[in-house]
Amino acid sequence: MTALKGRLAILLAVALAACGGPAEEAPTGPRLDLILADRAAPNLSDYGLFKDAAATEPAEGVAAYDLINPLFTDHALKHRFVYVPEGEAAAYSGSDVFEFPVGTVLAKTFAFAPDLRAPEAGQYKVETRLLIRKADGWAAYPYVWNAEGTEAAYAPAGGAQSIDVIDPAGDTLTIDYAIPNRNQCKTCHQAGEDLVPIGPKARHLNHAGPYGVNQIADWTARGLLDGAPDIVPADAPVGDQSLPLEARTRAYLEINCAHCHKADGSASNTGLWLDAAETRPVRLGVLKHPTAAGRGSGDGIYVIAPGDADASIFVYRMASAEAGIAMPELGRSIIDEDGLELVRAWIDGMAHNVENEVNTPQALRAGRD
């Protein structure tokens, strides 16, 4: 039987050659047909975004990138990639997410290592989230990796994993890591009625990325981005203590909080808006009473009590990992100790006489606008 199969294979090859040459190889690289399909592909590898199913190297036309300040997600290590269809480019914006063309894919893989002080040693993937720009807007697709790290399967219901690590401070930690379901994605990615990306903004990208060159210039050279000016805004790196505390804290709030706490975000009704463009003290929480009382307020009366972090609801919620109190509500099960320390220092350093400034009739009216 084996010999017969061998002869049949030879005959088939000869027949194909007679009809115009050998059979074509399977297509490689991003599969735009699957990217634009109405349904998610069963496996991450189906999209052709990577050269192998284990997603160790991006395919031709897919570029790695990172952010100046990544969102804190239980110490997860993150690997970001962007694909823009050939011949297309994102339109530059100085303040908002770039306007990406139909067919764009933003991929983000969340990974861990046994000892996060040595992140490359034994690193393993947990999930990969895709944002795909369809003809009618963005769609979010979560994929969960198998234990071997050889394939990620579509998981619209999300999931949960218990992860044991040594954290960056050297402490042993068990993380109750939550993989959001597809519907939960919009909680953080909401802009009015739309679902939009968070990270690809000029001020988040304007630094030397994974390829060792400035990402705005690199994206322009690759044809991924069009219209970038010579002068581009940039976030203050949160960990650079040589920079002003105010700038570092506002950059932290922008990437960790402002995607919900903005005028068209899922937390717009709180009146607490933390995006980089916001300047009104009351909107930033200074001497602002909470919208609703309850467990989330603790005993505090102000979101931010200037000069007193311990009396500030902002700090109370950041310092909790309890559901119903913790902020952010999604994306973390443990406390971001570094972020908490930064915000505490910012609030404690606020001038006590700020009350006279923000309680004027003009300031109060501006806070309600």
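Trainee: Is Lys262 buried or exposed?

Mentor: Lys262 counts as buried, at 18% relative accessibility. Please keep in mind that this is a predicted model.

Trainee: Which residue does the side chain of Lys262 meet in a salt bridge?

Mentor: The partner is Asp264, with an N to O distance of 3.8 Å. Asp264 itself counts as partly exposed, because its relative accessibility is 34%.

Trainee: How many salt bridges does a search of the whole structure find?

Mentor: The search returns 11 salt bridges. One of them links Glu278 to Arg280, whose closest N and O atoms are 2.8 Å apart. Glu278 is buried, with a relative accessible area of 7%, whereas Arg280 counts as partly exposed at 23% relative accessibility.

Trainee: And which side chain does Arg344 meet in a salt bridge?

Mentor: Arg344 meets the side chain of Asp310, at 2.5 Å from N to O. Arg344 belongs to helix α8 (residues 337–348) and Asp310 to the loop between α6 (245–256) and α7 (313–318), so this pair ties together parts that are 34 residues apart in sequence.

Trainee: How accessible are those two residues, Arg344 and Asp310?

Mentor: Arg344 counts as partly exposed, with 27% relative accessibility, and Asp310 counts as exposed, with 63%. There is also a network: Lys201, Arg203 and Glu254 are joined by salt bridges that share partners.

Trainee: Let us turn to the whole chain. How many helices and strands does it have?

Mentor: The chain has 10 helices and 12 strands. It comprises 369 residues, of which 45% count as buried. Among contacts with a separation of 6 or more, 55% are between residues 24 or more positions apart. The chain exposes about 18,700 Å², and carbon and sulfur atoms supply 54% of that area.

Trainee: Which residues touch the most other members of the largest nonpolar core?

Mentor: They are Tyr65, Val82, Phe98, Phe100, Leu205, Trp219 and Leu225, in a core of 28 residues. Two or more core residues come from each of β1 (62–65), β6 (137–145), α3 (185–189), α4 (202–205) and α5 (215–222).

Trainee: Why would such residues be grouped in this way?

Mentor: In general, nonpolar side chains tend to be buried together in soluble globular proteins.

Trainee: What is Phe98 in contact with, leaving aside its neighbours within four places in sequence?

Mentor: Its contacts include Ala90, Tyr92, Pro200, Leu205, Ile216, Trp219 and Leu225. There is also a second, separate core of 23 residues, with Cys257, Ala258, Leu274 and Leu342 among them.

Trainee: Now a histidine. Where is His204, and is it buried or exposed?

Mentor: His204 is placed in helix α4, and it counts as buried, at 2% relative accessibility. Its side chain makes a polar contact with the side chain of Asp235, at 2.5 Å. Not counting residues up to four places away in sequence, His204 also touches others, including Asp66, Ile198, Glu254 and Ile255.

Trainee: What about the surface: which residues make the nonpolar patch?

Mentor: Leu32, Leu36 and Val102 make a nonpolar surface patch of about 210 Å². Val102 lies in the loop between β3 (90–91) and β4 (105–112), and it is partly exposed, with a relative accessible area of 38%.

Trainee: One last topic, the backbone. Which peptide bond is cis?

Mentor: The bond from Met327 to Pro328 is cis, with omega near -5°. Pro328 is located in the loop between α7 and α8.

Trainee: And what is the phi of Ala55?

Mentor: Phi of Ala55 is near 55°, a positive value in a residue other than glycine. Ala55 lies in the loop between α2 (32–35) and β1, where it is buried, with a relative accessible area of 13%. His75 likewise has a positive phi, of about 70°, although it is not a glycine. His75 is found in the loop between β1 and β2 (77–83) and counts as partly exposed, at 22% relative accessibility.

Terms used
Residues numbered from 1 in each chain as written. Predicted model: local features only at pLDDT ≥ 70, side-chain atom pairs only at ≥ 80, totals over all residues. Heavy atoms only, no water. Helix = DSSP H or I, 4+ residues; strand = E, 2+ residues; numbered from the N terminus. Buried < 20%, exposed > 50% of the residue type's maximum accessible area, 1.4 Å probe, protein only. Contact = heavy atoms within 4.5 Å. Areas by Shrake-Rupley, 256 points an atom, 1.4 Å probe, with all protein chains shown as cover. Core = buried A, V, L, I, M, F, W, Y, C linked by side-chain atoms within 4.5 Å. Patch = residues over 30% accessible without salt bridge, like charges linked within 9 Å, V, L, I, M, F, W, Y side chains within 5 Å. Salt bridge = Lys/Arg side-chain N within 4 Å of Asp/Glu carboxyl O. Polar contact = N/O pair within 3.5 Å; in protein donor to acceptor, adjacent residues only side chain to side chain.
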